[in-house]
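Here is a briefing on one protein model. It starts with strand pairing, then turns to the overall fold and a record annotation.

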Amino acid sequence: MHSMSKQKSATPLFLCSDAKFLSVEDEFHCIQFGELLSSSSDHIRPLHRKVNKTYAKFFNNLRGLNTPQSRAPDNLLAIFHHCSIVSRVCIEPISKHPYHPKHTLRLIFTDPIHKECLNIPCIIRISRHEHRIFFNSSLTPEKLICGVCHRKIDTNYGRYSCVKGCNYGVHSKCATRKDGKPEDPYEDISSFIEISEGIIQHFSHQDHHMRLDEKTDRAFHEKNYCQACTLPICDDIIYSCMQCDFIFHKECAQLPRKKHQVTHPHSLSLQVGHQGCALFECKAYLRSSNGFAYLCDEEDCEYMLDVRCASIAEPLDHRCHQHPLFLIFEPRSKQIYSVCHKSRGHRLNCGECGFVACFGCATLPNKLRYKHDEHVLLFSYEEEVNGQYFCEVCEKEANPKNRVYMCHDCNVTLHIKCLLGKDVNIMHGVVIEYPEVDVSILLNDRLIRNICKSCDKLCEHKIVYEVSDFEICSLKCLNFVVLYFTMFA
């Protein structure tokens, strides 16, 4: 080791802002270990524990004011070169620091250093990434974009990196904001037990076994829907009950019992107890559902997501846009979405242009079936459209600019509401139990449509709500009816 290096490494060092190193190795050793390897060390000076006379006079003058704010702490230290003021406690060598327990750490001044930065957690779980991330202070030549704010990371400074070796990094400040927390490990519990090959027992349907069905050319039935995500069964691989009509998409049957999700800092647990007897509101898109949900594990936190919104991860490759999408810093701020032209719930922004998508559009299925068409209908969104299109059900204009489902073989076009219904996440064939009244949710497949008893309009949506032998057209109207029964019961 260089003789000067031995001398300097024994005491804290002060690095002049004009210091120039002959190589990256010299700079790395100086900053990391206090070792000086070359003649470029002329700008390195020992940090002498002397009080700058100018600052001493300044503080003496302040003491003369005799105010609590004017009393200079006795342990303040002034440094000649930059006139910085630091505490003696802050420059004491640190032993057994969790980031580097083998050697004693000495303080080197390049820029002002926050004392609280010494106590940031070594390993944390951030909701935006599937793996844990650790604090990394090594100098590396790699170029990284922060996974939270999507700005460039200067690898000359500390940041968080993925423990699994993913090319994923986060600024220290971004990682330790409210959606990052110290590591809270949980046991990865499967949602089902495999009884035999292709036969499972799911935790939500323990009385019967379910069989894997890999056929994708089965006949389409409107009454068949997934119990978890509430979407109709299309040409999908499914698990179906061997004794009743209980059905899952294969990926829904394999949903994890616990997970972290980009919109929330705490872990979430898969819940099924509310199914069939209550509705809940998904906090990501503010829509009601009676399917499966992910509920926050914190005792006083009631954050809940439907399983479709909970499946969104960053970066999201959306079929409507050529660039990856990310959850923005302030998801509650208002902005008109590019596809549906609404402005509610969390939103996903493009990192390269002004495209904005809501969680509702991001979770619509790519393909669906229509009972009067033998082909699959595909989700379509086009910014530039030639010609006119009309919905097969309501016979009104159906512009692909506003999202539609289309059969490219038969030129059949349908509005999303006409195909899926207005209350997309609510399953039919169940009963909602309110304190004063029970509400049956029925498939609206009769030849003659009834009149809603709340708004006096035709019940034209895919499902209807039956209350005391009369029908309600939508969830909005149902809320008024339930309120009436509650007030006058």
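Two strands count as paired if DSSP finds at least two bridges between them. The model is predicted. By that criterion, strand 7 (residues 133–136) pairs with strand 10 (residues 159–162) in the antiparallel sense, over 4 bridges.

- Phe134 has Ser161 of strand 10 as its bridge partner.
- Strand 10 also pairs with strand 11 (residues 169–171), again in the antiparallel sense, here over 3 bridges.
- Strand 10 and strand 11 form a hairpin with 6 residues between the strands.
- Within that hairpin, Gly165 takes a positive phi near 90°.

- An open sheet is built from 5 strands, in the order 13-14-15-16-17.
- Its pairing is antiparallel.
- Which strands stand at the edges? They are strand 13 (192–196) and strand 17 (247–249).
- Each of these has a single partner strand, so one side of each is left without a neighbour in the sheet.
- From one strand to the next, the twist averages 30°.
- Inside the order, strand 15 (residues 210–213) and strand 16 (residues 238–241) pair over 4 bridges in the antiparallel sense.
- Leu212 has its bridge partner in strand 16, namely Tyr239.
- As a general point, strands of a sheet pair through backbone hydrogen bonds, either parallel or antiparallel.
- In a regular strand, side chains alternate between the two faces of the sheet.

**Whole protein**

- The protein has 10 helices and 34 strands.
- It comprises 489 residues, and 44% of them count as buried.
- How much of the contact set links residues 24 or more positions apart, and what share is it of the contacts with a separation of 6 or more? The share is 51%.
- The accessible surface comes to about 27400 Å².
- Carbon and sulfur atoms account for 50% of that surface.

**Annotated span**

- UniProt, in an unreviewed entry, places the feature "domain: DC1-like C-terminal" at residues 439–478.
- In the model, the end C-alpha atoms of residues 439–478 lie 9 Å apart.
- The span is 10% helix and 32% strand.

How values were computed: Residues numbered from 1 in each chain as written. Predicted model: local features only at pLDDT ≥ 70, side-chain atom pairs only at ≥ 80, totals over all residues. Heavy atoms only, no water. Helix = DSSP H or I, 4+ residues; strand = E, 2+ residues; numbered from the N terminus. Axes fitted to C-alpha atoms, helices over the stretch in contact; angles between N-to-C directions. UniProt positions renumbered as here; feature names shortened; annotations may be inferred. Buried < 20%, exposed > 50% of the residue type's maximum accessible area, 1.4 Å probe, protein only. Contact = heavy atoms within 4.5 Å. Areas by Shrake-Rupley, 256 points an atom, 1.4 Å probe, with all protein chains shown as cover.
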